[in-house]
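Open the model in your viewer and keep the sequence panel in view. The tour goes stop by stop: select, look, move on.

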Amino acid sequence: MSFVGFKRPRIKNDGHLDFIRSLPCACCFSNIESQAAHIRTGSPFHGKRETGGSEKPTDIWVLPLCQRHHDQQHNMNEVEFWKLYGIDPFVLALSLYACTGDVMTADSVLARQAGR
């Protein structure tokens, strides 16, 4: 049996998306209506495959971004976007997923990624 071209089904997690939306923007730390921004770039090292077009990634691969930064993420090369803000989106997304529901830990994770 060959798994070439096999796509895993998208895992939806509305509770995690709501949690992400409750956090400040990962780029500017604004608390004004963060959006759940899916990471589309792939990273085989982190177990994240490339997604694009009309396909949304699994909800594990999501970060909180304000409207301005979410628009910027979609309007430029995504790898360059994350580099611009010094964010490893894969580690941050996995870290936030691991602490879903724990705002205090998530705030600490976001602060550490910013070097605070």
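With which side chain does the side chain of Asp59 make a polar contact? Select His38: its side chain and that of Asp59 make a polar contact at 2.8 Å. A polar contact here is a pair of N or O atoms within 3.5 Å; within protein, one must be able to donate a hydrogen and the other to accept it, and residues adjacent in sequence count only if both atoms are side-chain atoms.

**Before going on**

This is a predicted model, where local features need pLDDT of at least 70, side-chain atom pairs count only at pLDDT 80 or more, and totals for chains, interfaces and linings use all residues. Residues are numbered from 1 along each chain as its sequence is written, and side-chain values use heavy atoms, with hydrogens and water left out.

**Stop 1: Asp59**

Stay on Asp59. It sits in the loop between strand E1 (35-38) and strand E2 (62-65). Helices (H or I, at least four residues) and strands (E, at least two) are DSSP runs, numbered from the N terminus. Asp59 has 0% relative accessibility, so it counts as buried. Buried means under 20% relative accessible area, exposed over 50%, partly exposed in between (1.4 Å probe, protein chains only).

**Stop 2: helix H2**

Select residues 67-75, helix H2. Which residues are buried there? His69, His70 and Gln73 are. Look down the axis of H2: the buried residues fall within an arc of 105 degrees, so they line one face of the helix. The arc is that of the directions from the helix axis to the C-beta atoms. Arg68 and Asn75 are exposed on the other side of H2. Next, show E1, E2 and helix H3 (78-84): the buried residues of H2 pack against these elements. Contact means heavy atoms within 4.5 Å.

**Stop 3: the aromatic cluster**

Select Phe81, Trp82 and Tyr85, which ring pairs link into a cluster. Rings of Phe, Tyr and Trp (its six-membered ring) pair if their centres lie within 6.5 Å; planes under 30 degrees apart count as stacked, over 60 as edge-to-face and the rest as tilted. The structure holds three aromatic pairs. Phe81 and Trp82 are edge-to-face, with ring centres 4.8 Å apart and planes at 75 degrees. Phe81 and Tyr85 form a tilted pair, 5.2 Å centre to centre with 55 degrees between the planes. Phe81 and Trp82 are both buried, while Tyr85 is partly exposed at 27%.
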